[in-house]
Amino acid sequence: MSALPPHVAVVGGGFAGLAAAIRLARGGARVTLLERRPFLGGRAYSFTDPATGDVIDNGPHALMGAYTAALDFLGEIGAASKLAFQPRLHVTLADPALGLGAVVAPRVPGPFQAPAALLRYRLLSPGDRLRLLVGAVRLAARPVASLREHTVAAALAMAGQSAAACARFWHPLAIATLNEAPEVAAAAPFAAVLRKAFFAGARAARFAVPRVPLSELYTADAQRALERAGGTVVTGAAVATLALDPGGVEAVVLRDGTRVEADAVVLAVPVAALLRLLPPALRHVEPFRALAGVATSPIVSVHLWLDRAVGWGAPFLGLLGGRAQWLFDCGPATGGGHRLASVTSGARFWDAASDDEIAAEVLADATAVLPALSAVRVRRTLVVRERHATLSLTPAADAVRPGVETPVANLFLAGDWIQTGLPATIEGAVIAGRAAADRALLAAVSGARPEAWQPVAAGV
Ligand SMILES: Cc1cc2nc3c(=O)[nH]c(=O)nc-3n(C[C@H](O)[C@H](O)[C@H](O)COP(=O)(O)OP(=O)(O)OC[C@H]3O[C@@H](n4cnc5c(N)ncnc54)[C@H](O)[C@@H]3O)c2cc1C
């Protein structure tokens, strides 16, 4: 064994790669993080809008108290105070015909807050609220194995949920968490969300939104923490492929031909990028072969610059009755006026629509529930389409999500698409990144094959 600590290459500078790299560096490895783009942040990033100078997110992101790994990661890099938490669960939704309603936790002891919130949701009849609560308990209590083949829509039908409950509660929640239509989205990770977020106590059920633009939330702090622990970040470094020898991965090879020798490698890139950089010898080996059939699902965000503020007394609002889904209050705009941003998941229906058509539809849906918007001048709209926002989490895709280990002894996988039992979220990305780092450290230090990795949330 060389006198130097082992060297681990981490490919990808999103939440998963950064969490992995910091864990590795703190564990004593020499770490090089390689990111293709000129900046860190992956699919959760912000940029400066050239027309206004405002720094805006690629799409509004929300976290929850249940994101224990992600919150721990933000604490580890000194960024925890950049999140604004609700004191208690509070989600406001608005229906054009019925007005505003809120799923809001009352001041009752912790574990009862989220369930009690469902019983107070005025957009449903008292009978539907009770069935909602019973259905949520039933769904959360079902063994994961019994849900594996079912879609969210099928599981909700089995749990006796009414059309109104689906339209005004279940479907908005499922689409937001799974980024896919309930008719095709997998029920198992949805039930995991209910268990981990809704029935895990008052703190878990709270939402948090960043106080700062997304990139500012974590990228610079994570880079600093990594460098302080002795790691190196290289941006603008696109990995083209891996150099294999009979013992495993020998090096990663950049597009410009540079070889980065490594004792272990963590690939923390999205599925399509992973398949592009795999050497042909691995493409037809499981778990990689099955990944070729995994599709992605888009998220479309619309940023709105208004000449004055229009609020609803909360950081975000669920829009019911149309196709636009959530509206976020982004606060004052740089040049005066106010900014809002909508986010719509599983938004394939807008694939062929123009930006102007999408912005007009979002404004119409928002105005239907916030009439004050009709009196406001919209100064600018900007549509951001993330065509491959997350994997399309169908039961079939969920079944082929791999763990962090691969058949190559010193090659590990990370990213929100890894089988954590959870949907593809920031929390899943951090869990997978840290799990990959733990395995990579063992493999790099000892060359030993670590124990089989178990999905953390499955079967909880
Ligand atoms: C609009 C939108 C809204 C979202 N809202 C939420 C939300 O509210 N809450 C939530 O929890 N999640 C949300 N998500 C999901 C969340 O953003 C992702 O789950 C998370 O950012 C994924 O992190 P990751 O590290 O797994 O992957 P990524 O962030 O995609 O990181 C992968 C990195 O690898 C790099 N890379 C790719 N190929 C190569 C290569 N060949 N060489 C070197 N580098 C490479 C990429 O450039 C990228 O930086 C949202 C996503 C989008 C798009």
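This note walks through the predicted model point by point.

1. **Ground rules.** The model is predicted: local features need pLDDT of at least 70, side-chain atom pairs count only at pLDDT 80 or more, and totals for chains, interfaces and linings use all residues. Residues are numbered from 1 along each chain as its sequence is written.

2. **Overall size.** The chain's C-alpha atoms fill a box of roughly 70 × 50 × 45 Å along the principal axes. A compact globule of 460 residues would have a radius of gyration near 23 Å, and the chain agrees because its value is 22 Å. That radius is taken over C-alpha atoms, and the globule rule is 2.2 Å times the number of residues to the power 0.38.

3. **Make-up.** The chain has 15 helices and 20 strands. Both are DSSP runs numbered from the N terminus: helices are H or I with at least four residues, strands are E with at least two. Buried residues make up 49% of the 460. A residue is buried if 20 or more other C-beta atoms lie within 10 Å of its own, exposed if 12 or fewer, and partly exposed in between, with C-beta atoms placed from the backbone.

4. **Contacts.** Of the contacts with a separation of 6 or more, 71% join residues 24 or more positions apart. A contact means that two C-beta atoms, placed from the backbone, lie within 7 Å.

5. **Domains.** The assignment gives domain 1 (7-44 + 213-294 + 394-446), domain 2 (87-201) and domain 3 (296-391). Such bounds come from an automatic or database domain assignment. The centres of domains 1 and 3, taken over C-alpha atoms, are 33 Å apart. In domain 1, 9 residues are in contact with 5 residues of domain 3. The domain 1 side of this meeting has 7 nonpolar residues, no polar ones and 2 charged ones. Here Ala, Val, Leu, Ile, Met, Phe, Trp, Tyr, Cys and Pro count as nonpolar, Asp, Glu, Lys and Arg as charged, and the others, Gly among them, as polar.

6. **Strand β15.** Strand β19 (residues 378-391) runs antiparallel to β15, with 10 bridges between them. There, S297 stands opposite T390. Strand β18 (residues 338-345) is also antiparallel to β15, joined by 8 bridges. In that pair, S301 faces V343. Strands pair if DSSP finds at least two bridges between them.

7. **Helix α8.** Residues 187-198 form this helix of 12 residues. From first C-alpha to last it reaches 15 Å, close to the 16 Å expected at 1.5 Å a residue. The expected span is 1.5 Å times one less than the number of residues. In α8, 11 of 12 residues are buried. Among them are P189, F190, K196 and F198.

8. **Residue N179.** N179 sits in the loop between α7 (163-178) and α8. Its phi is positive, about 55°, although N179 is not a glycine. N179 counts as buried because 24 other C-beta atoms lie within 10 Å.

9. **Residue L156.** Helix α6 (residues 152-158) holds L156. L156 is buried, with 23 other C-beta atoms within 10 Å. Leaving out residues up to four places away in sequence, L156 touches Q161, C166, W170 and P182.

10. **A cis bond.** Which form does the peptide bond from E286 to P287 take? The bond is cis, with omega near 10°. P287 lies in the loop between α11 (280-283) and α12 (288-291).
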